[in-house]
Amino acid sequence: MLMFTRPSAQRIPALTLLVVLASARTAAAQAVQPTDKPLLWMIEGKTPSYLYGTIHLPDDRVLALPKVVDKALDACDAFFAEIPMDGDVILKSAQRMMLPEGKKLQDVIPKKVYDRAAAFAKTKGFDIAAFSRMRVWAVAVQITLLDRLHDMATKQALDMSLYLRCQAEDKQVGGLETLDEQFGIFESFSDAEQAEMLDKTLDFLEKSEKEGVKYIDKLIDLYLSGDEAELMKFMNAYFDENDPLDKRMVDKLLTQRNKHMAERMAAKLKESPGKSFFFAVGAAHLPDKTGVIELLKQRGLKLRRLTPADAAKLEAK
């Protein structure tokens, strides 16, 4: 659920403590066969720009960039992720994931939910005490990543890798949202609501594992398949459209953020028509009637999904 929408969650970039600022490309990623169906669109115009759906994870298969994505990055003048990914922003994001001084996780959620989270963490070889100083929503994020924490600690998430690459190439880099905007979403939910989020996350993870489905593995497989409809179907299975809290979460985490991001993309394109932008946001923000692609089209922009065959055309420009 959280991997596409939060920094990386990401985005999950801004929503995980375990981000390492290392080299922009890894040898392991280069050795893996990239997907042939990347979620990459060209925003057409005299100076083309690009929209890329990411997943906020450091899996080698994800980090292996298709040539068409690589060439689009080469062609761009400016790179914008969901939020800026400079060191001070990452540090501030880590700090804001922490509970107020003197408080611990068990102080702010019901014992039943705490014990359930502890039992689930134990099945993954973790002690819940390691997360005792984190805010409840952050624990809900981290608990989906328990099978991947080693990778999160030793490799870059996709968004971070792209950001640092463009920064190293002296391209303009930045974010479509601020840290306050992203964290404000989660902070708008009460401790009781966050506890319910954690409980629902555990429901979903336990149900998935009983069915033999590893959530993160399935998420990555669907992302690499390039089938955004199936990807959203899987993501939406987490939410109950009749539950008031779930409806509020979807509205705040996706619908409203999609509007803001599309508005800001369109504004940048209008302000700098001669500049080529590369926008990289969580893949869940792109499809559907309320997604960024449709919202950009409603603003009169033309988008075309690129394929591996477009790599040569981009290289020739």
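Which residue just after helix 11 takes a positive phi? A few friendly notes on this predicted model start there.

1. The residue is Gly 212, whose phi is about 80°. Helix 11 itself covers residues 191-210. Its 20 residues reach 28 Å from first C-alpha to last, close to the 28 Å expected at 1.5 Å a residue.

2. Helix 11 is worth a look for its buried residues: Gln 194, Ala 195, Met 197, Leu 198, Lys 200, Thr 201, Leu 202, Phe 204, Leu 205 and Ser 208. Among the elements that these buried residues pack against are helix 7 (136-143), helix 10 (179-187), helix 12 (215-225) and helix 14 (244-271). Helix 6 is also one of their partners.

3. Helix 6 (residues 111-123) packs on helix 11 at an angle of about 35°, and the two axes lie 10 Å apart. The crossing is left-handed. Helix 6 contributes Val 113, Arg 116, Ala 117 and Phe 120 to the contact, while the helix 11 side includes Ala 195, Leu 198, Leu 202 and Leu 205 as well as Asp 199, Asp 203, Glu 206 and Glu 209. By class, that makes seven nonpolar and five charged residues, with no polar ones.

4. Do also check Phe 189, in the loop between helix 10 and helix 11. Phe 189 counts as buried because its relative accessibility is 3%, and the cut-off is under 20%. Leaving aside residues up to four places away in sequence, Phe 189 touches Gln 194, Met 197, Leu 245, Arg 248, Met 249 and Lys 252. Of these, Arg 248 is 59 residues away along the chain, with 9.7 Å between its C-alpha and that of Phe 189.

Note on methods
Residues numbered from 1 in each chain as written. Predicted model: local features only at pLDDT ≥ 70, side-chain atom pairs only at ≥ 80, totals over all residues. Heavy atoms only, no water. Axes fitted to C-alpha atoms, helices over the stretch in contact; angles between N-to-C directions. Helix = DSSP H or I, 4+ residues; strand = E, 2+ residues; numbered from the N terminus. Left-handed = near helix turned anticlockwise from the far one by under 90°. Contact = heavy atoms within 4.5 Å. Nonpolar A, V, L, I, M, F, W, Y, C, P; charged D, E, K, R; others polar. Expected span 1.5 Å × (residues − 1). Buried < 20%, exposed > 50% of the residue type's maximum accessible area, 1.4 Å probe, protein only.
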